[in-house]
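Look over the sequence and the model before reading on.

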Amino acid sequence: MKAFRYTIVFGALALLLLFLLYPLSLVLDASLRVNGTGALTLGNYVQIFASKYYLNGIFNSLLAATGATVGATLIGTPLAFCLARVDVPGKTVLLTLATLPLVLPSFVAAYALVLLFGHAGVVTTGLRALGMTIGPIYGLTGITIVFFLTLYPYVLMPAVAGFRAMDISIEEAARNLGGSRLHAFRTVLLPMAMPAVLAGALLVFIEALENFGVPVVLAEDRPFLAVDIFKLFAGEADNNPAAAGALSVLLIASTAIVLLVQRRYLNKRRFATDARTAPSPLPLSPGWRAIATGFSWGIVILSLLPFIAVLFISFLSFRGPVLTWQLGLSNYSMLLEGSFRPLYNTLFVATLAAIVATVVGAPIGYVVTRHRGPLSAGLDMIGMAPFAVSGTVLGIGLIIAFNSGLLTLTGGWLILVIAYVVRKLPFCIRSSSAIVHQIEPSLEEASINLGVSPLRTFATLTVPLMASGLIGGMILVWITAASELSSTIVLYSSRWSTMTVRMYHFLEGGEGAGSASAAAAILIFFTAAPLLVIQRRLRREGATIL
Amino acid sequence: MTTIRLDSVSRTFGAVRAVDNVSATIEEGALFTLLGPSGCGKTTLLRMIAGFADVEAGRIWFDDKRIDTLPAHRRNTGMVFQNYAIFPNLSVADNVAYGLRARKIKPADIAARVDKALARVRLAGYGSRWPHQLSGGQLQRVAIARVLVIEPAVLLFDEPLSNLDAQLRTQMRVEIRQLQQALGLTTIYVTHDQEEALAISDRIAILRSGKIEQVGSPEEIYQRPRTAFVAEFLGGANMLPGIAGTFDGHRTEVASCGTTISIDGHVAKAGQKLFVSIRPEALRLANASDRPVLQAKLVLREFLGQIQRLHAALPDGTQIRVSTLGSLPVAVAAGAELAFAYDPAQIIVYPEA
């Protein structure tokens, strides 16, 4: 058993060392050197802190992330309580739909906002015809709105689980001691759910800070950290890899700090009581119930509206950037007449990444859960680290590391798969560890006791028992890999372009609104469909997936 | 000091009548136990009194105040939950203060009352601790302090000892009983453990399928079970099917399990089917002169310290349990023929259900 454990631990560590820590250390190294000569310097950081533009970028990113966090918490927490404790009609459907914004590509939602409220947007032009104008959706406002509408499930899911995990006796004790329902909620239920809420809120902050797709669509010319890093590294006009490295280090440092705080906080406060009797729905008056229902459905529909709008618009015809009200498939034919290649690429790379991430992540999740100890704790920590690393930065690191020399990987599909596996590994570790929690250790002990080796026991008994959880994690990797833009945009090569890259180029060119909407619709289909198919399983695992 | 009166209360879950037209009066200051197998409705009945299960029909009174129409937080009951339900986000002192704060007691008074309540349950000085730092027994005491401090009209216990280990369980039940007697609080106590019920109660109600089967003091219920169910549930009496024989003016002979059992009095008409209830401790190893006796073949002997339990087969193979003192040497192996003496006055018969 020990040999098995060490194989897993050191195999995983080696993998993460080579494809995560090594590339990131090269980014750090680049940030400390003079461009071209290679001499050590702090000049890149000095340059950033002296530049109003980059300081603004950092400020904008932090502000948008903070706004997103506050917004997501403010809508996620009451929604969670409604879904956990109020008899809202269609609750299960709502819970499924509420997970969608998290896996649907967020830059598609941003793009929908442009289609609806942008300079030439449907709503904008419609209102202009009526003599009305609406405020600008570009910049901070629009970015923050898209962030909290797409990221609030990070708060919602753990909070629902938190509200549900409280044994009914806790609430009954509060009432028995003379507290009204409101009093009990304020003094006991909300404080007990708070760690889950805050843990989710910090994830929102991290995700918003490192997100590349939404600001790239909505920032226009305003500075944003994640976009600036990409432009500095890959842009033609102001190429400066060293400055990109310095900005990357700042980005990773801030997300890493938040992730550390999040884990610290979560570890210290575990209020979960084992709910032996799940709390029953609150007996609300019809009026309050109607309000809760309207609120719940309103939020979920609002967050899905951008995606629905894109789906709808993709079937309308564009004349240049201007939308006409003619139904047709012209966008799709335009998108695909070039080639089916990007679609195949997307499916191929995402599938491969999902399989590899599962094969790597499942044993890690197993060891981390079953064998407590310093080694496992370290592995758990490092396995979650990719959460803190933005896709753009990882992509840059991988390019620096594997562009030449012994191990040249860039320019093909393999580098994309590597980037996705590293980025999505936390999903697999989480879902694997969640399912291992539910498997009695005595089952394996019985198998070993009966003479089957630990390795064979793991392969023939544990893995089949884990299968249901692993498939959930695998599909989640598949979905998020298929809609990944941030690392792809750095790492793709012309033959290995994906749907997300195509969409990015259509948007960047400004003329391809029709094709972009078709690409977005295809992405929505390929991400939403598998999620809806496995929705039951995902819901059961609820918070653990996030 | 409160008298609790249950007035034909009922509650159904789907097709199941969890509590079926139950009426009872619990005298002030008494510890009244609801005892029965799982699913008998005892916890539901307790939760109806606390206000966590709706009363579908009937009324509940505390003295002359009807309380079943009040919301749970206005009933002034103090409930100790099976899992203690200590608020994990509050310190021990804040847990105990919870009900006082809900009642808007002045902060200055709260501290003193909390300290007093903690001292009462021998947890003085534990106020600043967190629940996760306490053992199961200590959590139990916090739960009790938390309800004592609000000076409730009645105390409600929902299987409070079932999460503790055996030794702590007997210790805690003594503490609970002493506290309850010292405070003179009317108490309803739910358990499925008959020994606990007998040890702690002033009166016991045996519940079966939502109905009260018998109410009485522990001695009454144990010594004079009114139904076969009570006899078998309490003390594990041997229930032997039999057919009444003739009455000889003094005793009735009942044919049962391939042998004959003598019972004092004219218990049934000849030929009537019935159940004979013999408590394990009503049988003892017979001397040569003892009459009447039951012949049985030893199957298994369990040595339990103070007593030993013998499992023996009657002539037709039916097994009976016999309790004898542990100090009594039984130097016989399984298969040995044994004779058990009994007092015909201690045998009870029940009509076939």
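In chain A, the axes of α9(A) and α10(A) cross at roughly 135 degrees and come within 10 Å. This is a predicted model. α9(A), residues 168-176, and α10(A), residues 181-210, also belong to the side of chain A that touches chain B. The points below start with this helix pair, then cover the chain contact, the domains and the strands.

**Helix pair α9(A) and α10(A)**

- The crossing of α9(A) past α10(A) is right-handed.
- From α9(A), the contact uses I170(A), E171(A), A174(A) and R175(A). From α10(A), A184(A), T187(A), V188(A) and L189(A) take part.
- By class, this contact has 5 nonpolar, 1 polar and 2 charged residues.

**Contact between chain A and chain B**

- Chain A gives 19 residues to the contact, and chain B gives 18 residues.
- On the chain A side, the elements that supply two or more residues are α9(A) and α10(A).
- α9(A) has the largest share of that side, with 7 residues.
- The chain A side divides into 8 nonpolar, 7 polar and 4 charged residues.

**Helix pair α3(A) and α14(A)**

- α3(A) spans residues 52-85, and α14(A) spans residues 286-313.
- The two helices pack at an angle of about 125 degrees. Their axes are 10 Å apart.
- α3(A) and α14(A) are therefore oblique to each other.
- Which hand does the crossing of α3(A) and α14(A) have? The crossing is left-handed.
- α3(A) makes the contact through I75(A), P78(A), L79(A), C82(A) and L83(A). α14(A) brings A292(A), F295(A), S296(A) and I299(A).
- The contact of α3(A) with α14(A) has 8 nonpolar residues, 1 polar residue and no charged residues.

**Domains of chain A**

- The domain assignment divides chain A into domain 1 (1-25 + 326-546) and domain 2 (55-217 + 270-313).
- Taken over C-alpha atoms, the centres of domain 1 and domain 2 of chain A are separated by 25 Å.
- Domain 1 of chain A puts 28 residues into the contact, and domain 2 of chain A puts in 27 residues.
- On the domain 1 side, the elements giving two or more residues are α18 (391-402), α21 (454-482), α23 (499-509), α24 (513-533) and α25 (535-541) of chain A.
- α24(A) gives the largest share of the domain 1 side, 10 residues.
- By class, the domain 1 side has 16 nonpolar, 11 polar and 1 charged residues.

**Domains of chain B**

- Chain B is assigned domain 1 (4-233) and domain 2 (238-351).
- The C-alpha centres of these two domains of chain B lie 39 Å apart.
- In the contact, 4 residues of domain 1 of chain B meet 5 residues of domain 2 of chain B.
- The domain 1 side of this contact in chain B has 2 nonpolar, 1 polar and 1 charged residues.

**Six-stranded sheet of chain B**

- Chain B has an open sheet of 6 strands with mixed pairing, in the order β6-β7-β8-β3-β9-β10.
- Which strands stand at the edges? They are β6 (77-80) and β10 (211-216) of chain B. Each has a single partner strand, so one side of each is left without a neighbour in the sheet.
- On average, neighbouring strands of this sheet are turned by 20 degrees against each other, direction ignored.
- T77(B) has V154(B) of β7(B) as its bridge partner.

**Hairpin of chain B**

- β1(B), residues 4-13, and β2(B), residues 16-26, run antiparallel and are joined by 7 bridges.
- L6(B) stands opposite A24(B) of β2(B).
- The hairpin of β1(B) and β2(B) has 2 residues between the strands. In this hairpin, G14(B) takes a positive phi near 60 degrees.

Terms used. Residues are numbered from 1 along each chain as its sequence is written. Chains are lettered from A and ligands numbered from 1 in the order in which they are written. This is a predicted model: local features need pLDDT of at least 70, side-chain atom pairs count only at pLDDT 80 or more; totals for chains, interfaces and linings use all residues. Two strands pair if DSSP finds at least two bridges between them. Helices (H or I, at least four residues) and strands (E, at least two) are DSSP runs, numbered from the N terminus. Axes are lines fitted to C-alpha atoms, for helices over the stretch in contact, and angles run from 0 to 180 degrees between N-to-C directions. Two residues are in contact if their C-beta atoms, placed from the backbone, lie within 7 Å. Ala, Val, Leu, Ile, Met, Phe, Trp, Tyr, Cys and Pro count as nonpolar, Asp, Glu, Lys and Arg as charged, and the others, Gly among them, as polar. Angles under 35 degrees count as roughly parallel, over 145 as roughly antiparallel, 65 to 115 as roughly perpendicular and the rest as oblique. A crossing is left-handed if the near helix is turned anticlockwise from the far one by less than a right angle, and right-handed if clockwise. Domain bounds come from an automatic or database domain assignment.
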